Amino acid sequence: MKAEKIWMDGKMVDWDKAQVHVCTHALHYGSGVFEGIRAYETESGTAVFRLKEHIDRLFNSGKILKMVIPYSKEEFRQAVKDTIKANKLKSGYIRPLIYRGFKELGVSPFKCPVNCTIAVWEWGAYLGEEALAQGIKTKISSYARIYINSTSQKAKICGNYVNSIFAKMEAIEAGVDEAILLDTNGYVTEGSGENVFWIRDGVIYTTPTATVLEGITRDSIITIANDMGYQVQEKYICRDELYISDEVFFSGTAAEVTPIREIDNYQIGEGKRGPITENIQKKFFDIAKGKEDKYLTWLDYI
Ligand code: PPE
């Protein structure tokens with residue numbers, strides 16, 4: 001993973017020189033907020049998928065963590081595009097990060113500066129190309145998803161991801177690809193970095209957003225599925241409902257639309273990518289690659 005330039009507080013800096021002080025507040029306490037955005041190659045050049053929504057969520061994350069961001073949303077959107085151009089990136093991943101920098105240590109972040117960076121790099125399928133076609137193996141995590149009153153699910157806060165790291169490490173060591181976390185009441189929430197969808201008798205379900213990140217891919221899929229004539233419902237469920245679903249899949253910027261073929265050694269459906277998942281996945285990629293006029297407003301061309 002490497003590119004040429006990183007945008008740091010308004011300047012393009014060489015990849016290897018994009019460094020911070022070891023007493024950076026966010027390094028000690030997780031006091032940063034970030035985004036994950038993808039850019040796709042289209043016939044009319046590189047396009048960023050739902051840039052507006054991602055920058056809106058980034059600013060909302062900053063608001064929740066009481067950060068005064070020294071740029072406007074418009075400036076941030078432009079900086080994302082400039083970073084893509086500076087790296088001649090055709091397609092890949094974009095990682096804006098706003099964090100409390102170095103002034104002094106101690107839990108209160110208020111005296112530390114709010115620093116902003118944007119990195120971009122080429123990033124193929126999150127869980128491997130094969131995962132997109134064949135589906136992945138997962139397990140229900142023994143780690144509960146962060147309790148709703150312990151931090152904020154609406155904010156993509158760096159520190160929140162320690163919960164995801166525990167779940168992911170456990171999944172990898174158990175020999176599966178990804179974890180699905182339950183909340184403290186036992187209801188299904190999300191993956192370490194993905195929202196979850198399941199399908200029963202032709203109806204598509206996903207979790208309500210109270211206990212999960214408001215995924216932008218999740219929102220895209222709900223729109224796409226409705227437009228395709230599927231019924232989509234939000235529902236709280238326990239793990240067993242996933243076991244007996246016809247199809248289950250993850251959605252996320254990094255994960256895109258990744259089918260799940262196994263959960264806790266239970267085969268899901270036919271044990272491969274299901275037909276509805278495949279339809280939605282195909283539509284999603286067509287849209288992201290600019291092949292669907294109806295959704296061109298979701299793309300920001302470079
Ligand atoms: N839940 C979590 C916990 C999450 O981190 C993500 C994104 C989602 C749901 C899906 O949200 P969206 O990307 O808006 O559809 N996870 C990002 C980080 C992944 C990583 O490994 O880093 C991502 O997909 O970019």
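Biologist: Where does Phe 166 lie?
Modeller: Phe 166 lies in helix H5. Helices here are DSSP runs of H or I with at least four residues, strands are runs of E with at least two, and both are numbered from the N terminus. This is a predicted model, in which local features need pLDDT of at least 70 and side-chain atom pairs count only at pLDDT 80 or more, while totals for chains, interfaces and linings use all residues. Residues are numbered from 1 along each chain as its sequence is written, and side-chain values use heavy atoms, with hydrogens and water left out.

Biologist: Why is Phe 166 called partly exposed?
Modeller: Buried means under 20% relative accessible area, exposed means over 50%, and partly exposed is in between, with a 1.4 Å probe and protein chains only. Phe 166 has 39%, so it is partly exposed.

Biologist: Which residues of H5 are buried?
Modeller: They are Tyr 161, Asn 163, Ser 164, Ala 167, Lys 168, Glu 170 and Ala 171. These buried residues pack against strands S3 (32–34), S8 (136–140) and S9 (178–182). Contact means heavy atoms within 4.5 Å.

Biologist: How do you know that the length of helix H5 agrees with its residue count?
Modeller: The expected span is 1.5 Å times one less than the number of residues. For the 13 residues of H5 (161–173) that gives 18 Å, and the end C-alpha atoms are 18 Å apart, so the two agree. After H5 comes Gly 175, with a positive phi near 85°.

Biologist: What makes Thr 211 count as buried?
Modeller: Its relative accessibility is 8%, so Thr 211 falls on the buried side of the cut-off. Thr 211 sits in the loop between strand S12 (203–206) and helix H6 (216–227). Beyond neighbours within four places in sequence, its contacts include Arg 145, Asp 183 and Tyr 236.

Biologist: Why does Ala 79 count as buried?
Modeller: Ala 79 has 3% relative accessibility, so it is buried. Its place is in helix H3 (residues 73–86). Ala 79 touches Trp 7 and Ile 118, residues up to four places away in sequence not being counted.

Biologist: How many disulfides are there?
Modeller: A disulfide is a pair of cysteine sulfur atoms within 2.5 Å. The count by this rule is zero. Cys 112 is in none, and the nearest cysteine sulfur, that of Cys 23, is 10.0 Å away. Cys 112 has a relative accessible area of 3%, so it is buried.
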